[in-house]
Amino acid sequence: MPWVLSSQVDHLSSSPSQRECERTAFSFYCAVREALPVWLLEDMRSMEVLVWEDGQPRPFLPSEALLYALVHDHQDYARYLLTRYSVSALRAPRCSFCCCRSSGSPHLSVAVRYDRLAILGMMVEALKDCDTQSEWFHFLDSCGGCSHVADSEKTAVQLAVELSRPDCLLLLLVHGARPHGLDAALQRLVSCDPSERRQAQRCLDFLLLFLPKPLAPQRLQGEPQRWQSILGTEVFNWLCGLAPPPLLLQALRCLARSGPDRINELPSFLQPHSWQ
């Protein structure tokens, strides 16, 4: 699986039955990659594809199929799985290497990693079917799964900041994900290539829009003149607790919470970077 760490790829099957399960799973992976029709993929998943677990085969879960749809951007299949199975399609599958079931779900992080904005939007909409608000926030703010999984120690928001995926980040924040990662966003802004600076700047801007209160990372206090020139005097003073937020930032806060499209449709002179 592409989201599994490369160090685990050398894992060898121990029995013909287990190898047969792997063969069917790989055939299904190829079928999703070829963007075969949804009805055919679902027939394959429910009747042909098997996974080896606890010494015996079991059917391939919708949550596992959704990971394949994410990797290959099969939007029709992702839409079907989320419509048919709702939140259960986002529950973390059991790890085939350590046989544990993670408390987090990898789906949001995989969507960010592969920049699947359309499917990410479908997934956060599906979270509205969560039984409780705590379950909703658990999906949004949990890390990406067990230690065998790439990006396992990062939330989807942290990964969006690290990879400079501003559209994914805004979508997550609008739907209630916590705006953590400010320090990483600042570091990314000054360390990225010039070609990536605009995307990194947008990520920082969006985090600032959703911060519940000013929070000055240690790096700001260590190099105040440098960061004041990068962030602008008003934003720097606000983060350090020395001044109220700029008026434009306050106005954009209200607009951002009404949906990601509202911010993206603004003219350039009203985009978040304009307050600096």
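Helix H1 (residues 16-33) packs against helix H3 (residues 62-71) with the axes 9 Å apart and at an angle of about 40 degrees. This is a predicted model, in which local features need pLDDT of at least 70 and side-chain atom pairs count only at pLDDT 80 or more, while totals for chains, interfaces and linings use all residues. Residues are numbered from 1 along each chain as its sequence is written, and side-chain values use heavy atoms, with hydrogens and water left out.

**Helix H1 with helix H3**

- Helices here are DSSP runs of H or I with at least four residues, numbered from the N terminus; axes are lines fitted to C-alpha atoms over the stretch in contact, and angles between N-to-C directions run from 0 to 180 degrees.
- H1 and H3 are therefore oblique to each other; angles under 35 degrees count as roughly parallel, over 145 as roughly antiparallel, 65 to 115 as roughly perpendicular, and the rest as oblique.
- H1 passes H3 in a right-handed crossing, the term used if the near helix is turned clockwise from the far one by less than a right angle.
- Ala25, Phe28, Tyr29 and Val32 of H1 make the contact with Ala65, Tyr68, Ala69 and Val71 of H3, where contact means heavy atoms within 4.5 Å.
- Sorted by class, the contact of H1 with H3 has eight nonpolar, no polar and no charged residues; Ala, Val, Leu, Ile, Met, Phe, Trp, Tyr, Cys and Pro count as nonpolar, Asp, Glu, Lys and Arg as charged, and the others, Gly among them, as polar.

**Helix H2 with helix H4**

- The axes of H2 (residues 38-47) and H4 (residues 75-85) cross at roughly 60 degrees and come within 10 Å.
- H2 and H4 are therefore also oblique to each other, and H2 passes H4 in a right-handed crossing.
- On the H2 side, Val38, Leu41, Glu42 and Arg45 meet Asp76, Tyr77, Tyr80, Leu81 and Tyr85 of H4.
- The residues of this contact divide into six nonpolar, no polar and three charged.

**Cysteines**

- The structure holds zero disulfides, a disulfide being a pair of cysteine sulfur atoms within 2.5 Å.
- For cysteine 168, the nearest cysteine sulfur is that of cysteine 203, 9.0 Å away.
- Cysteine 168 is buried, at 0% relative accessible area, whereas cysteine 240 is partly exposed, at 27%; buried means under 20%, exposed over 50%, and partly exposed in between (1.4 Å probe, protein chains only).

**Leucine 189**

- Leucine 189 sits in helix H10 (residues 182-191) and is buried, with a relative accessible area of 1%.
- Leaving aside residues up to four places away in sequence, leucine 189 touches Arg197, Ala200, Gln201, Leu204 and Ile230.
- Leucine 189 and glutamine 201 are 12 residues apart in sequence, and their C-alpha atoms are 6.2 Å apart in space.

Terms used: Helix = DSSP H or I, 4+ residues; strand = E, 2+ residues; numbered from the N terminus.
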